[in-house]
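Hi everyone, and thanks for coming. Today I'd like to walk you through one structure, a stop at a time. Have a look at it on the screen, and then we'll start.

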Amino acid sequence: MNHLVILPILIPLLGAALSLFIEHRRYGPKVQRTVAWASIAALAVAVALLFAQTSQGQISAYLLGDWPARLGIALVADGLAGWMLGTTLLLAIACLLYACTGWDRRAPHFHALFQFQLVGLNGAFLTGDIFNLFVFFEVMLIASYGLLLSGGRGLRMRIGLHYVVFNVTASTLFLIALGMLYATLGSLNLAEISQRIVELPPSHLKLAKAALGLLLLVFCSKAALLPMYLWLPESYARAPAAVAALFVIMTKVGLYSVLRVSSLWFDADAGAMSGYGSDWLLWAGIATLVVAALGALAATRMSVLVAYLVVVSAATLFIAFALGNAGTISAGLYYLPHSTFVAAALFLIADLMRRRRLQADRRHAHEPGTVLPGKTIPGLLYLLAAVAVAGLPPMAGFLAKAALLQAVPAAHTGVVWGVVLGTSLLVIMGLVRTGIRLFWHVHGDDDAPPEADVAEAPARPFETAAACLLLGYAVLMSVFAAPLMRQTDAIADQLLAPDRYLQDVRGTTPQVRQP
């Protein structure tokens, strides 16, 4: 049995436990950071090895407790899981670098919660069981509650409580959907459910559709699809910069879940369930993209603008995945890490700009139209990030959108082309408008929130380095676009031909226990 599959879950879990032990012993921050970086380094090795395996088309199933997959808990590593694990790892490195410059001292249990967040994220991408997807969702969300509310007060606490209530409600619906699904199909293993959906008798079809529809609703709420996106902009905008940057990947967990269950359960061989929900997801994604682009255009603070850009990227991915052919799925998978890295970088840049602006406003009196001091490097970073997130050449966002538009089926060409290009124009206008306000002093504009929960010190070098690292990922994705797109093409083909996934999971037998 390939024990490598469990390491991306086990390593951060051990790191979180050790972080809690160190906190209890009241060691200094240097020791806590050493443990955090050691855990990330070990995780990087495990993810790199697993990515190398999955990039060759290998699918590895891991049976926890040595139970058969249809009865026990199964972890599965395939191309999609490896792609998501790599994205999460690269994002986590930059977020931890930013937090370790000093913010982690202000948040109780930050390093333990950060590691638990990685446990939930990695587990969600590796699980082959829908119930354990719920479990890892909860691990991820509980850690996010602590990260969002740590060190907060006033408005951030109130918005954080809204975030908690929304996600607890969604989790309750998730649990109800799982109960209905198990009552209908008698299994919670992803591969086993795929087989049982094909054999589902007509008398059980309506209940199965209700359960699966409720499940898709939960995933869409996690991914901020219209009208369930209202919780996201203020929650992300009020979060500390390193936390908001890490949260960008959380919406992608919902998108990953939709893509995973759609490819396994609603493929062409699923009979009456073939293509279930794809039309609704397409039109909801189009509507979300329009509304999110208008929100980005109307945003008066950069952090809110970036939060709406997260919704824009999620909506674009919904469109790509709902169209359901190899070209659009491949383009969406290439766009996913790019949009994640750039949005995370913008959250960090927004924090750099906010603190420098407060310091400049306190020390200098500026006239409208004059350039504020100390903004050369953040300005260049903002320019690069704006070009990337708007989908302008030569960045990977342009290549991804071009590949997406080229692969759109003829029946949807006019609508998808019009919406994607039109909303890209709105995003460009919003970015230009925000850039003018940020880099030239304008009366009546202040990106700082009402609660001045910011430091007065100028940016530390490693904070800028973290933003540069994220943008460096985006640049490298443009430079190495050809091999990366070949990889996403292979993942898309693997998703659209799930027979091997089903055979490998259902065919993996226990090592000791008799099946």
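Let's begin on the inside. The largest nonpolar core has 188 residues, and of these, Ile 130 and Trp 265 touch the most other members. The biggest share of this core, 19 residues, is supplied by α12. Before I go on, please keep in mind that this is a predicted model.

As background, nonpolar side chains tend to be buried together in soluble globular proteins.

So which residues does Ile 130 touch, not counting those up to four places away in sequence? Among them are Phe 174, Leu 178, Leu 181, Leu 188 and Leu 190. Trp 265 is on the list of Ile 130 too, along with Val 261, Phe 219, Leu 215 and Ile 193.

Next, the salt bridges. How many does the structure hold? There are five salt bridges, and I'll show you some of them.

Start with Asp 78 and Arg 260, whose side chains meet in a salt bridge at 2.7 Å, N to O. Asp 78 sits in the loop between β2 and α3, while Arg 260 is in helix α10, so this pair ties together parts that lie 182 residues apart in sequence. Are these two buried or exposed? Both Asp 78 and Arg 260 are buried.

Another salt bridge joins the side chains of Arg 301 and Glu 234, at 3.3 Å from N to O. This pair also links distant parts of the chain, 67 residues apart: Arg 301 is in the loop between α11 and α12, and Glu 234 is in helix α9. Here the two partners fall into separate classes. Arg 301 has a relative accessible area of 10%, so it counts as buried, whereas Glu 234, at 30%, counts as partly exposed.

Asp 504 forms a salt bridge with Arg 500, and their closest N and O atoms are 3.5 Å apart. Both residues belong to helix α19, where they are four residues apart, about one turn of the helix. Asp 504 is partly exposed, with a relative accessible area of 23%, and Arg 500 is partly exposed at 43%. And there is a network as well: salt bridges with shared partners join Glu 234, Arg 238 and Arg 301.

Where does the side chain of Ser 235 reach? It reaches the backbone oxygen of Trp 231, at 2.6 Å. Leaving out residues up to four places away in sequence, Ser 235 touches Leu 148, Ile 159 and Tyr 163.

Now some backbone details. As a reminder, most residues other than glycine have a negative phi, and most peptide bonds are trans.

With that in mind, find the loop between α8 and α9, where Ala 224 is placed. Phi of Ala 224 is near 65°, a positive value in a residue other than glycine. Ala 224 is also buried, with a relative accessible area of 1%. Pro 227 has its place in the loop between α8 and α9 as well, and the peptide bond from Leu 226 to Pro 227 is cis, with omega near 0°. Another cis peptide bond runs from Pro 393 to Pro 394, with omega near 5°. Pro 394 is in the loop between α14 and α15.

Which residues make a nonpolar surface patch of about 360 Å²? Leu 18, Phe 21, Tyr 27 and Val 31 do. Val 31 is part of helix α2, and with a relative accessible area of 35% it is partly exposed.

How values were computed:
Residues are numbered from 1 along each chain as its sequence is written. This is a predicted model: local features need pLDDT of at least 70, side-chain atom pairs count only at pLDDT 80 or more; totals for chains, interfaces and linings use all residues. Side-chain values use heavy atoms; hydrogens and water are left out. Patches are made of residues with over 30% relative accessible area and no salt bridge: like charges are joined within 9 Å, nonpolar side chains (Val, Leu, Ile, Met, Phe, Trp, Tyr) within 5 Å. Accessible areas come from the Shrake-Rupley method with a 1.4 Å probe; for residues, only the protein chains shown count as cover. A salt bridge is a side-chain nitrogen of Lys or Arg within 4 Å of a carboxyl oxygen of Asp or Glu. Helices (H or I, at least four residues) and strands (E, at least two) are DSSP runs, numbered from the N terminus. Buried means under 20% relative accessible area, exposed over 50%, partly exposed in between (1.4 Å probe, protein chains only). A nonpolar core is a set of buried Ala, Val, Leu, Ile, Met, Phe, Trp, Tyr and Cys residues joined through side-chain atoms within 4.5 Å. Contact means heavy atoms within 4.5 Å. A polar contact is a pair of N or O atoms within 3.5 Å; within protein, one must be able to donate a hydrogen and the other to accept it, and residues adjacent in sequence count only if both atoms are side-chain atoms.
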